[in-house]
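Welcome to a short tour. Please open your viewer and keep the selection tool ready.

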Amino acid sequence: MIRRRAVILGAAGRDFHNFNVVFRADRGVKVVAFTAAQIPGTEGRTYPPELAGPLYPRGIPIRPEAELEDLLRRHRADLAVFAYSDISHEQVMHRASRALAAGADFWLLGPERTMLPARRPVISVCAVRTGCGKSAVARYVVKLCRERGLATAVLRHPMPYGDLLAERCQRFRTLEDLDRAGCTVEEREEYELHLKAGATVYAGVDTAEVLRAAEAEADVLVWDGGNNDFPFLRPDLELVVLDPHRPGHELAYHPGETNLRRAGVAVVNKVDTARPEDVEAVEASVRAANPGAAIVRLASPLTLEASKSITGRRVLAVDDGPTLTHGGMAYGAAALAARRFGAELADPRPHARGSIREAYREYPHLGAVLPALGYSPGQLRELKETIEATPCDLVLVGTPVDLPRLLGLTRPAVRVRYEVEEAGGPGLRGHVERFLDATVVAPRPPAATGPEPP
């Protein structure tokens, strides 16, 4: 007998995972709807019955979060489950107040209820906000594992914005794999550099299925988290990245503060471009919230592709979309590089097209920098039109995505590259290597020749 009815508030990631792990087989709770936020165009779909399971033969509707109160009342739901990330504590409680006023309880499912155990050692790389440089840290960890000859699979926080069935379990080895899967710009931002470094990337809606596939070919699993979410897998070594460009945010956003308080190693990144007093402030937060965590510092030096000069040039800075939008940053790597190398920023705002123009209205903190938004073919077209319409000498690409290739840009473009490096004191390398010494005995022998894993 159904005892409770629930609405899950999400953004096409954590919400689906929580449903699969906690609610899919629970006959005592019926999930009547998901709501969608943060990611444009994800509402109006249905979580398909093939993923929802036999208790949901018609699937589950996905509706805009603005309809929360109506959904709770119309379906007589008495439970609202919050399940997305990178949102201020204040905004979480506004959602809670809306649910409570509509007569529902408000739940937050924690790590112990939702993390999946793995048969391989897991190193998780998460953060306190989006845009902390987490993926560069994950690439560094993968590099350290591969230096030992360990087969390493990267499991990415899911970003299923297209065909949910097709994105149930995905394996990527090449850029052509991304093309075939129709990956969005946000997905490419997270996948491309891993692939170029020779890593295998797994992602998908059904984390349990993704995990089984990755375990079949890897000695070590690296969880590369999304936004500031906590891991979907139970980590054996938990790394959490902090950004001294935003001191105080590590204690003000959900679930980033949870990550901070769980961290085994707190990684203070970008110390080469942040103010020393802000680095100290972030480290003071770590010591106050999680005195048992080790603290390491990393730099994220910026370099220009092929050592091209941009000094004195008028450049259009294109940066990571989520970092600039719901991440709340007014600048990214391209804007920082323009400042460092003596370029003048061109302002794209008067030339923005369609949904790009709407993004500037929704995120008024943005200045003369262009977020690389491309959640649909139409938005990709509008992004290209905005770039081509903005008067500039060249396009400075700070997103990890190869935008000139993806968009077929006619304007000259220079890419900004950034990888992390140790910044003195106790290093991240030492923590990872000690973990591998204690956990991974030796790499597995090469697999027999045969078909690639799924």
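Two strands pair if DSSP finds at least two bridges between them. Helices (H or I, at least four residues) and strands (E, at least two) are DSSP runs, numbered from the N terminus. You are looking at a predicted model, in which local features need pLDDT of at least 70, side-chain atom pairs count only at pLDDT 80 or more, and totals for chains, interfaces and linings use all residues. Residues are numbered from 1 along each chain as its sequence is written, and side-chain values use heavy atoms, with hydrogens and water left out.

**Stop 1: the sheet.** Select E16 (residues 294-299) and E23: they pair in the antiparallel sense over two bridges. Here Leu-298 stands opposite Glu-422 in E23. Now widen the view to the open, mixed sheet of nine strands, ordered E10-E11-E9-E12-E8-E13-E15-E16-E23. Its edge strands, E10 (170-172) and E23 (421-422), each pair on one side only.

Stop 2: Pick Leu-428, whose contacts (heavy atoms within 4.5 Å) include Val-137, Val-296, Leu-298 and Glu-422.

**Stop 3: Arg-129.** Go to the loop between strand E8 (122-127) and H6, where Arg-129 has its place. Is Arg-129 buried or exposed? Arg-129 counts as buried because its relative accessibility is 2%; buried means under 20% relative accessible area, exposed over 50%, partly exposed in between (1.4 Å probe, protein chains only). Show its neighbours: among the residues that Arg-129 touches are Asn-227, Tyr-253 and Gly-327.

Note on methods. Lists of a residue's contacts leave out its neighbours within four places in sequence.
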